[in-house]
Amino acid sequence: MAETMLKKEYAKAELLKLNNRFSDLNGHAPLAYVHSFGCQQNVSDAEKLKGQLSQIGYDFTDDMTSAQLIILNTCAVRENAEDRVFGTIGNLKKFKQQNPDTIIAVCGCMAQQKHIAQKIKSTYRQVDLVFGTFAYNDLYQMLFEVLSQKTRVFNQTEKITDISEEFSQLRSDKLRAFVPIMYGCNNFCTYCIVPYVRGRERSRKPEAVVKEVRDLVSDGYKEITLLGQNVNSYSYGFAALLKEIDRIPGKFRIRFMSSHPKDASKELIDTIIESEKICKCLHLPLQSGCDRILKLMNRHYDKAQYLDIINYARSKKPEFSFSTDIIVGFPGETYDEFCETKELIKQVKYDNIYSFVYSRRSGTKAAEFEDNISDKQKGLWLRELLLEQRDVTTNWLSRFVGKTVEVLAEGEGRLADGYLTGKNDEGIIVEFKADKKYIGEFVQVRITKAMNWALEGESVEDK
Ligand code: SF4
C-alpha cells in the first residue's frame with residue numbers, strides 16, 4: 001500500500017515536471033480531451049479523471065484534434081455504444097500517425113472487458129492506454145509508464161481497493177452535481193453487463209457523502225443527484241442517508257438513481273414524501289410488464305409487487321411521478337408478452353420512459369438464450385411502445401396545466417427566443433418564458449400547456 005502510494009506520488013511529480021516543460025516550450029499548458037459515453041456514473045468518473053489531470057498541469061479542450069491527451073471513457077451497456085467508441089477510435093488512426101506524441105486512452109466499462117482490451121491491442125494500435133473501472137486511481141502511474149517507457153499499457157485489474165475519498169474533482173456543471181454513494185451491483189440481471197465490469201457493491205461512508213453534499217451546497221450547487229446502480233441497497237441505509245442530507249441547510253434539491261423495484265420500500269416512499277428537498281419522483285426500472293420475462297431477466301419482483309409500490313406512492317400523493325426503463329424484444333418474448341408491458345405503461349402513467357431494444361452482451365446469461373425475434377420486429381415493437389408512451393405521457397403531464405411549479409432554470413430554451421429551460425420537482429422538462437437573469441435560479445412557473453416531451457409555461461416572478 002505504502003509502496004503504491006510512493007509510486008503514485010513519484011509518477012505525479014514526474015508528470016507535472018513534463019507538463020511544466022511543455023508549457024514553457026509552447027506557451028500554454030498541455031490539453032486533455034475527456035469524453036464520456038453512457039450513464040451519469042461515467043460522467044462522475046470523468047470528473048474525477050479531470051480532477052487528477054488538472055493536478056498535473058493539464059488544461060481541457062472540447063476539440064479532440066488539439067489535445068495532447070485523449071481519453072474516451074466508455075459504456076458497455078448496449079452494443080451501439082460500443083460501436084460508436086470503435087468508430088471514434090478507428091477515425092483516430094490517421095490522426096495518431098500525424099501526431100505520434102498525442103496519447104490516446106480508452107477507459108471505463110468497455111475497457112474493463114478482457115476481450116475488448118485484446119481487440120484494441122491487436123487491431124487499434126493507435127491506442128496507447130486501455131484501463132478498466134478498477135484502475136481510475138492508478139491514472140498517474142499508467143500515464144507515466146506510457147510516456148517514460150514509450151510503451152502501450154493495458155490494465156484490466158479486478159482488484160477492489162478501498163473507496164478513495166482523496167480524489168479531487170473537476171465538475172463540468174456549476175448548478176447540478178452527481179454524487180456517487182455506492183459502486184458496483186450484486187444483482188446479476190441476466191441481460192446486464194454491469195456486475196461484470198463494475199464488480200460487487202461497495203458503499204461510501206455516510207459521513208463522506210454528507211460532507212460532499214454540504215460542500216457542494218455551500219459552493220452554490222442547487223441540484224444534487226445521488227448515484228448508484230441500486231441505491232436502495234446502500235449498505236448504511238438509504239432512507240437514513242436521505243433524511244440526513246435533507247436536513248442540510250440551504251435551498252437545493254435532491255435526486256437519486258437508480259432504484260431496483262425489488263428493494264424499493266414503502267419507507268423510501270414515505271421518506272421522499274415527508275422530506276423538504278427530495279424531489280417527488282422515482283425512477284423505477286420496470287424492464288418488462290410480463291412476469292415470465294421478469295423471471296427470465298432475474299429481476300426478483302413481479303408485476304403485482306411493482307404495482308404495489310406505485311399504488312402506495314399514489315395513495316399518499318396522487319400526482320407522484322414515476323419514470324422507468326423498458327427493454328423491448330428480450331430473447332423469447334412474444335408479442336402478447338410485449339403487450340403486457342404496454343398495458344402496464346397505461347396503468348402506471350409514467351412521466352418519462354427510457355425504452356431500448358434488447359442488446360445482447362457477451363458474457364451475460366441472456367446472451368446464451370435463444371433469440372428468435374428479428375431486429376426488424378424489435379424495432380417495430382419499440383416504435384409501437386413509443387407511440388403508446390407519447391399519448392400516455394401527454395395526458396398525464398396535463399395534470400400540471402394551470403398550476404404553478406418550481407423550476408430550476410438551467411439555460412436558454414428550445415421552444416423560441418425568450419424561453420428558458422429547466423426541470424420541475426418531478427424531473428419534467430419545462431420550457432418557459434422568462435428573463436435570462438433567472439438562469440441558475442429556482443423560478444415559479446405557471447404551466448400553460450402539456451406536450452409529449454415537456455411542459456410549457458411562463459414565469460410568475462415578474463408579474
Ligand atoms: S440491478 Fe440489474 S440491471 Fe441494474 S446494474 Fe444491477 S444487474 Fe444491471
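How many helices and strands does the secondary structure of the protein comprise? The secondary structure comes to 14 helices and 19 strands, where helices (H or I, at least four residues) and strands (E, at least two) are DSSP runs numbered from the N terminus. The radius of gyration of the protein is 23 Å, close to the 23 Å that the globule rule gives for 463 residues, so the protein is as compact as a globular protein of that length. That radius is taken over C-alpha atoms, and the globule rule is 2.2 Å times the number of residues to the power 0.38. This is a predicted model, in which local features need pLDDT of at least 70, side-chain atom pairs count only at pLDDT 80 or more, and totals for chains, interfaces and linings use all residues. Residues are numbered from 1 along each chain as its sequence is written.

**Overall architecture**

- The protein is divided into domain 1 (2-155), domain 2 (173-279), domain 3 (281-399) and domain 4 (401-459); these bounds come from an automatic or database domain assignment.
- The centres of domain 1 and domain 3, taken over C-alpha atoms, are separated by 37 Å.
- Along the principal axes, the C-alpha atoms of the protein fill a box of roughly 65 × 60 × 45 Å.
- Of the contacts in the protein with a separation of 6 or more, 73% are accounted for by residues 24 or more positions apart; two residues are in contact if their C-beta atoms, placed from the backbone, lie within 7 Å.

**Burial and nonpolar cores**

- Buried residues make up 38% of the 463 residues. A residue is buried if 20 or more other C-beta atoms lie within 10 Å of its own, exposed if 12 or fewer, and partly exposed in between, with C-beta atoms placed from the backbone.
- The largest nonpolar core has 104 residues, and those with the most contacts inside it are Ile 71, Val 106, Val 179, Ile 181 and Ile 224. Such a core is a set of buried Ala, Val, Leu, Ile, Met, Phe, Trp, Tyr and Cys residues joined through C-beta atoms within 7 Å.
- Helix H6 (residues 139-149) contributes the largest share of this core, 5 residues.
- Apart from this core lies another, of 14 residues, among them Leu 397, Leu 420, Ile 428 and Ile 447.

- In strand E7 (residues 176-180), 4 of the 5 residues are buried, so the strand is largely enclosed by the rest of the structure.
- E7 pairs with strand E10 (residues 223-227) in the parallel sense over 5 bridges; two strands pair if DSSP finds at least two bridges between them.
- Val 179 stands opposite Leu 226 in E10.
- Leaving aside neighbours within four places in sequence, Val 179 is in contact with Val 209, Glu 212, Val 213, Ile 224, Leu 226 and Leu 227.

- A barrel is closed by 5 strands in the order E15-E16-E17-E19-E18, with mixed pairing.
- Strand E15 (residues 404-412) and strand E16 (residues 419-424) are antiparallel and pair over 5 bridges; Ala 409 stands opposite Gly 422 in E16.
- Arg 414 lies in the loop between E15 and E16 and is exposed, with 11 other C-beta atoms within 10 Å.
- Not counting residues up to four places away in sequence, Arg 414 touches Thr 421 and Glu 431.
- Arg 414 and Phe 432 are 18 residues apart in sequence and 9.7 Å apart in space, C-alpha to C-alpha.

**The open sheet**

- An open sheet of 3 strands has the order E12-E13-E14, with parallel pairing.
- Its edge strands are E12 (281-283) and E14 (352-357), each of which pairs on one side only.
- Strand E13 (residues 321-328) is joined to E14 by 6 bridges, and Val 328 stands opposite Val 357 in E14.

**Backbone features in loops**

- The peptide bond from Met 257 to Ser 258 is cis, with omega near -5 degrees; Ser 258 is found in the loop between strand E11 (253-257) and helix H10 (266-274).
- Lys 150, a residue other than glycine, has a positive phi near 50 degrees. Lys 150 is found in the loop between H6 and strand E6 (153-155) and is exposed, with 9 other C-beta atoms within 10 Å.
- Phe 188 also has a positive phi, of about 50 degrees, although it is not a glycine. Phe 188 is found in the loop between strand E8 (182-183) and helix H7 (194-198), and counts as exposed with 12 C-beta neighbours inside 10 Å.
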